[in-house]
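I opened my notebook to record what I looked up in this model. My entries go one topic at a time.

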Amino acid sequence: MAEAKEWRLDGSERFPGTTYAEVVLGPAFEQAKAELLEPMLAVNKAHLIMLREEGLLGEDEANRIAAALTVVPVARIRAEAYTGAFEDLFFRVEHELTELAGEAAGNLHLGRSRNDMGIAIYRLALREKLLKTISSALFLRQELLRFAESHADTLMIGYTHTQQAQPTTLGHYIAAVADSLDRDIKRLQAAYSGCNRSSMGAAALTTSGFTINRQRMAELLGFDGVIVNAYDAVSGADYIGEAASAVQLAAVNTGRFVQELLLWSTQEFAVLRVAAPYVQISSIMPQKRNPVSIEHMRSLLSSAFGDAQTVLTMTHNTPFGDIVDTEDDMQPYAWKALATLGSVYKLLANVIATLEISKDVLRIRAEESFATVTELADTLVREERLSFRTAHNIVSRTVRNVLEFGGTVRHISLRLLDEAALAVIGRQLTLGEEKLRRALDPQHFIEVRALQGGPNPDEVRRAIGEQRQTLHERQEWLEAAYSLARSAQQLVERTVEGWAHQFVQTEGA
């Protein structure tokens with residue numbers, strides 16, 4: 001039997017306490033190395049350029065620091081374990097720069113704090129992850145629209161309250177899912193807009209007495225602008241809350257669709273067949289084709305929702321100021337939530353692209369259901385000049401009578417309609433057999449519903465055309481966002497490398 005471990009005070013007498021390092025500082029260091037080292041170096045380089053442009057650093061000093069920044073041993077730092085020699089990654093990098101550039105490196109911290117720098121780094125990391133998730137969402141939307149267009153004529157029954165409601169088409173249904181996804185994308189774009197603002201120049205929370213150019217820092221980092229109030233710049237956490245909220249709603253919306261896919265893949269529904277690459281077998285039951293890829297999507301979406309909720313919960317009821325609750329401990333949950341959502345989008349797109357649809361099953365089910373009788377009531381309004389409520393009562397009474405003797409929609413006849421009409425309006429109808437059969441035809445049902453947003457195949461294709469235009473616009477937005485960040489990064493890298501080259505040439509001379 002294993003011996004129980006006895007827990008005692010760690011006996012630490014100086015920073016960092018052994019347990020503190022184990023529980024907080026070590027894990028935070030590992031996360032920072034993986035996610036924040038590159039953004040940290042980017043902020044250092046941009047700040048160096050701004051300081052020199054503003055005359056706060058001389059040319060020789062700036063070139064020396066630039067040379068140090070270009071040779072920071074990123075791989076070696078990433079491989080290091082947390083030892084407690086430095087409080088966090090910021091001080092580890094600062095130490096490296098001091099070793100490489102000497103006393104000059106100390107002036108790189110002019111007019112800034114770990115506070116404004118940290119928020120800028122978090123925002124740089126988050127915006128990259130938002131863009132990746134949006135890219136995956138656009139990929140899914142593209143596949144949904146392609147699938148919807150290919151099934152614009154595929155008859156099916158639409159459901160309300162889990163019960164058969166009215167005929168529609170699979171294309172109409174999937175186009176609705178694509179529209180819902182587009183709103184999720186729009187919310188993620190809004191979260192990106194809220195995130196892509198610069199905190200630099202806020203310093204600890206009151207700005208600085210040095211002539212820092214805050215707008216220039218925003219430009220050099222590819223931000224859309226500055227968080228004007230310095231206190232807000234280091235205290236506000238709604239930028240990450242917006243991302244978390246967008247993820248939550250996106251996970252909910254996608255999860256509802258995924259749940260239907262699982263239901264439709266049962267033998268009882270027999271609507272769709274998941275392709276071989278996305279099913280798994282049973283270890284004991286030879287007949288099984290388990291659509292576990294879709295099951296995993298459902299659970300992963302719940303995971304994304306939960307991680308996003310953690311972000312909001314950690315922010316809730318915290319003081320409005322620079323505080324650890326909204327910093328190192330919280331950021332990874334937002335990153336994970338976005339990564340999980342994006343992964344599900346990519347997987348779902350591939351599953352959708354390879355689905356096999358049982359068109360005949362869907363069509364026969366629509367033809368044999370009572371889902372068309374709304375159109376029968378509409379026909380009575382047009383042909384008999386009845387109010388809709390009266391027509392509804394006649395059709396409802398007819399359906400009840402058919403069901404009483406175990407009939408189907410095919411048993412609705414002019415005789416049964418006339419019997420119901422006599423009971424409701426005291427006279428028989430003038431409706432003919434041809435119009436009765438057409439009113440009960442699901443194909444006719446969708447054809448006459450050609451209003452904007454309806455299931456008429458031509459209308460569905462027209463709407464998909466508009467959706468494709470929106471998709472194109474969102475793809476252009478994504479490329480512009482990537483381009484702005486890339487252009488800023490390239491400018492900073494070229495400038496710092498140029499200064500570093502000047503330093504090397506001067507030192508060599």
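**Entry 1: helix 6 and helix 7.** I started with helix 6, residues 114–150, and helix 7, residues 170–195. This is a predicted model. I looked up two values for the pair, because two packed helices are described by the angle between their axes and the distance between the axes. The angle is about 165°, and the axes of helix 6 and helix 7 are 9 Å apart. An angle over 145° counts as roughly antiparallel. Helix 6 is therefore roughly antiparallel to helix 7. I then checked the hand of the crossing. Helix 6 passes helix 7 in a left-handed crossing. What kinds of residues make up the contact of helix 6 with helix 7? I found 22 nonpolar, four polar and five charged.

**Entry 2: helix 2 and helix 6.** Next I looked at how helix 2 packs with helix 6. Their angle is about 125°, and their axes are 9 Å apart. That angle makes helix 2 oblique to helix 6. The crossing of helix 2 past helix 6 is right-handed. Which residues meet here, in helix 2 and in helix 6? On the helix 2 side I noted P39, M40, V43 and N44. On the helix 6 side they meet M117, A120, I121 and L124. I sorted the residues of this contact of helix 2 with helix 6 by kind: seven are nonpolar, one is polar and none is charged.

**Entry 3: H47.** I stayed with helix 2, which covers residues 37–53, and picked out H47 in it. Is H47 buried or exposed? Its relative accessible area is 1%, so H47 is buried. The cut-off I used for buried is under 20%. Then I listed the contacts of H47, leaving aside its neighbours within four places in sequence. They are L108, L110, G111, R112, M200, I212 and M217.

**Entry 4: helix 14 and helix 15.** Helix 14 makes a right-handed crossing as it passes helix 15. From helix 14, the contact uses V373, L376, A377, D378, L380 and V381. From helix 15, it uses F388, A391, H392, I394, V395 and V399. By kind, the residues of this contact of helix 14 with helix 15 are ten nonpolar, one polar and one charged.

Entry 5: I kept one background point in mind here. Most residues other than glycine have a negative phi, and most peptide bonds are trans. Where does R385 lie? I found R385 in the loop between helix 14 and helix 15. Its phi is near 60°, a positive value in a residue other than glycine. R385 is at 71% relative accessibility, so it counts as exposed.

I found a positive phi at H161 too, about 55°, and H161 is not a glycine. H161 sits in the loop between strand 1 (155–160) and strand 2 (163–169). With a relative accessible area of 76%, H161 is exposed.

I also looked up a peptide bond. The bond joining F15 and P16 is cis, with omega about -5°. P16 is in the segment before helix 1 (18–35).

**Entry 6: P457.** I turned to helix 19, residues 457–508, where P457 is placed. P457 has a relative accessible area of 4%, so it is buried. How far apart are P457 and I446 in space? From C-alpha to C-alpha I read 7.7 Å, and the two are eleven residues apart in sequence. Leaving aside neighbours within four places in sequence, P457 is in contact with A152, D153, I446 and E447.

**Entry 7: the whole chain.** Last, I stepped back. The protein chain has 19 helices and four strands. Its C-alpha trace spans about 105 × 65 × 40 Å along its principal axes. The radius of gyration of the chain is 32 Å, but a compact globule of 509 residues would have one near 23 Å. Buried residues make up 49% of the 509 residues. I also looked at contacts between residues at least 6 apart in sequence. Of these, 76% join residues at least 24 apart.

Key. Residues numbered from 1 in each chain as written. Predicted model: local features only at pLDDT ≥ 70, side-chain atom pairs only at ≥ 80, totals over all residues. Heavy atoms only, no water. Left-handed = near helix turned anticlockwise from the far one by under 90°. Helix = DSSP H or I, 4+ residues; strand = E, 2+ residues; numbered from the N terminus. Contact = heavy atoms within 4.5 Å. Nonpolar A, V, L, I, M, F, W, Y, C, P; charged D, E, K, R; others polar. Rg over C-alpha atoms; globule rule 2.2 N^0.38 Å. Buried < 20%, exposed > 50% of the residue type's maximum accessible area, 1.4 Å probe, protein only. Axes fitted to C-alpha atoms, helices over the stretch in contact; angles between N-to-C directions. Parallel < 35°, antiparallel > 145°, perpendicular 65-115°, else oblique.
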